Amino acid sequence: MASVLWEFWDWRIRDLEETRTAAQDAGIIISGFNGDADYSLVDHSQKEAYLDDLKRSLDAALKVGSKSVTIHSNALGDGG
């Protein structure tokens, strides 16, 4: 039987234990995990918050057994 690959966005609104268990029970491999946040990659004042959020995203991806992690900055300056 072929494996089912699944990706989901915004881990912050998910129960990660439930997600991991449900994926395992259904034979689903979580292939993609996004940890996007509204922190700027170039604004030094947001560096610590960005790195903290990055670590939390990586920890969450490991918790559900994701095979990869994609991180983007969703931060937009004044006027978008």
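Begin by selecting W11, L16, A23, I30, F33, A60, A61 and V64, the 8 residues that form the largest nonpolar core, a nonpolar core being a set of buried Ala, Val, Leu, Ile, Met, Phe, Trp, Tyr and Cys residues joined through side-chain atoms within 4.5 Å. Two or more residues of this core come from each of helix 1 (16-26), strand 2 (28-34) and helix 2 (47-64), and helix 2 gives the largest share, 3 residues. Here buried means under 20% relative accessible area and exposed over 50%, with partly exposed in between (1.4 Å probe, protein chains only). In soluble globular proteins, nonpolar side chains tend to be buried together.

Before going further, note that this is a predicted model, in which local features need pLDDT of at least 70 and side-chain atom pairs count only at pLDDT 80 or more, while totals for chains, interfaces and linings use all residues. Residues are numbered from 1 along each chain as its sequence is written, and side-chain values use heavy atoms, with hydrogens and water left out.

Now colour the chain by secondary structure: the protein has 2 helices and 3 strands, which follow one another from the N terminus as β-α-β-α-β. Helices (H or I, at least four residues) and strands (E, at least two) are DSSP runs, numbered from the N terminus. Of the 80 residues of the protein, 24% count as buried.

Next, select helix 1, where L16, T19 and A23 are buried. Viewed down the axis of helix 1, these buried residues fall within an arc of 60°, so they line one face of the helix; the arc is that of the directions from the helix axis to the C-beta atoms. On the face turned away from this buried side, look for the exposed residues E18, Q24 and D25. At the start of helix 1, a side-chain oxygen of D15 comes to within 3.1 Å of the backbone nitrogen of E17, and just after the helix G27 takes a positive phi of about 75°.

L16, E17, T19 and R20 in helix 1 meet A60, K63 and V64 in helix 2, contact meaning heavy atoms within 4.5 Å.

Stay in helix 2 and centre on A60, which lies in that helix and counts as buried at 3% relative accessibility. Leaving aside residues up to four places away in sequence, A60 touches W11, L16 and F33. The C-alpha atoms of A60 and W11 are separated by 7.3 Å, although these residues are 49 apart along the chain.

Also in helix 2 is S57, which is buried with a relative accessible area of 0%. Not counting residues up to four places away in sequence, S57 touches W11, R12, F33, G35 and I71.

For the last stop, select S40 in the loop between strand 2 and helix 2, a buried residue with a relative accessible area of 16%. The side chain of S40 reaches the backbone nitrogen of V42 at 3.0 Å, and a polar atom of that side chain lies 3.1 Å from the backbone nitrogen of D43.

Definitions and conventions:
Polar contact = N/O pair within 3.5 Å; in protein donor to acceptor, adjacent residues only side chain to side chain.
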